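Here is a short briefing on one protein and its ligand. Look at the structure first, then read the points below.

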Amino acid sequence: MNSLYIQGRNRLEGTIAVHGAKNSALPVLVASVITDGECVFHNCPDLSDVRATLNILSWLGCSNQKENGTVVVDSSAVMKNEIPDLLMRELRSSFIFMGALLSRTGRAVMCAPGGCEIGVRPVDIHLLAFEKMGACVIREEGRIICEAPKGLHGAEINLSFPSVGATENIMLAAATAKGTTYIKNAAREPEIVDLANFLKLCGASVFGAGESTIVINGKDKLHGAEFTIMEDRIVAASYLAAAAVTGSAILVKNAVSEHISSVISVFEQAGCVFQCEKNAIRIKAPYRLNSMKTVRTMPYPGFPTDCQAIVMAMAIVAEGTTIINENIFESRFRHAGELNRMGADITVTGTSAIVNGKSRLFGANVSATDLRGGMALVLAALSAEGDTKINSAQYIDRGYEKIERDLALIGAKIRRDKIGKPQSEAG
Ligand code: UD1
């Protein structure tokens, strides 16, 4: 049992700092596989998904050490190119090891990422691209075998959807392929730019990251490099939402406003006022939030699917009705039922949610079902009257480094219990 206890309706104040980005740390750690030297990563968050990635690296023969926020990976002796299902299933983004292993060893064997709590995760776009680059793909008893014994070659790849994972996978495969690869309709997320920056430090030739077409000229070999991982824009948005739902004013450090422009715009509709500095965002929330115009999740620079649950936690206490359309994943509203247990009024129909804001929520015994849905419960608990117990808090640990420590620093009454204590002891 891993639970968070939160006593709600406390005003927050002060400064909170954002840690390194999970969605950047995972791909750059995986990218170390295609280098033949030592890679040093600073600002690496201490998250369960990062630990799972390091476990896979160890299995493959890449020695690694983690101390404070720095991880050192040495991939000079990659020994294996098959990943056991048990390690793969520890995290969902593990499939980008496919591109890295193909690039480094000409072969990769792993299970397909299973259906998960937010929807099925197909990999057809990834596999089509590898085939276009000369790989032979075989599906056998739930495993995917990808082979390119003579190496991969560059290709023009048109993505049918700007998939983040597929773009990363192709970038890793293309970095050492023979010739030039064009990724068209590529994902444009800031984490893609971070991955490109790391690859370039390792000697790769990558142009256009952050735009719709990425061009990669394959190199024979890549060397190790020292790299600082970007800040986590979803964590930044989550902390801003903590201020929004409690009517507070706080300063969020290590946050780049350009990375979350679409989120700031929605928060502004809710009545929040921002002051953005180079690497920090100050937010002042109204006593009660306004409802927002229809929120539609979209690929970057649109409103991120990772912030959908967070904005729902704002909409449930806003004045008026907000409609939320989830366009990236088909079942990413599982938090709605738990929020309703706290007094929210959310009706989900397919990929849309109608949220009628309530003036008050009540503490309850609820369970996190996924990472961002879990964060939505934390936000709802901060704004609710009374005490909330959030079970299965380990989901939240996949993306937030010691959430209770950070939120307590700005005045939240929150604590964790790994055994379980009655709700009345929250705070
Ligand atoms: C997605 C999000 C990313 C977020 C991450 C974790 C987008 C575009 N991507 O990245 O911002 O951080 O989840 O929550 O918002 N798809 C296929 N075939 C494929 C690959 C993907 O049909 O081969 C579909 C998926 O089913 C999904 C969509 O494309 O509907 C987005 O997938 P993708 O960007 O690949 O997902 P992640 O990389 O996990």
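A polar side-chain atom of Arg332 lies 3.5 Å from an oxygen atom of the ligand. That is a polar contact, meaning a pair of N or O atoms within 3.5 Å; within protein, one must be able to donate a hydrogen and the other to accept it, and residues adjacent in sequence count only if both atoms are side-chain atoms. The protein covers 83% of the 720 Å² of accessible area that the ligand has on its own. Such areas come from the Shrake-Rupley method with a 1.4 Å probe; for residues, only the protein chains shown count as cover.

This is a predicted model: local features need pLDDT of at least 70, side-chain atom pairs count only at pLDDT 80 or more, and totals for chains, interfaces and linings use all residues. Residues are numbered from 1 along each chain as its sequence is written, and side-chain values use heavy atoms, with hydrogens and water left out.

**Ligand contacts**
- A backbone N or O atom of Ile328 lies 2.5 Å from an oxygen atom of the ligand.
- For Ile125, a backbone N or O atom is 2.8 Å from a ligand oxygen atom.

**The shell around the ligand**
- The ligand is surrounded by 18 residues, each with a heavy atom within 4 Å of it.
- The closest are Asp124, Ser163, Val164, Asp306 and Ile328.
- Eight shell residues are nonpolar, five polar and five charged. Here Ala, Val, Leu, Ile, Met, Phe, Trp, Tyr, Cys and Pro count as nonpolar, Asp, Glu, Lys and Arg as charged, and the others, Gly among them, as polar.
- Helix H5 (124–132) and helix H6 (164–174) each supply at least two shell residues.
- H5 gives the most, with three residues.

**Overall fold**
- The protein has 13 helices and 23 strands. Helices (H or I, at least four residues) and strands (E, at least two) are DSSP runs, numbered from the N terminus.
- Its radius of gyration is 22 Å, close to the 22 Å that the globule rule gives for 427 residues, so the protein is as compact as a globular protein of that length. The radius is taken over C-alpha atoms; the rule is 2.2 Å times the number of residues to the power 0.38.
- The C-alpha trace spans about 65 × 45 × 40 Å along its principal axes.

**Backbone details**
- Tyr300 and Pro301 are joined by a cis peptide bond, with omega about 10 degrees.
- Pro301 sits in the loop between strand E17 (295–296) and helix H10 (308–315).
- Asn68 is not a glycine, yet has a positive phi of about 50 degrees.
- Asn68 is in the loop between strand E4 (63–67) and strand E5 (70–74).
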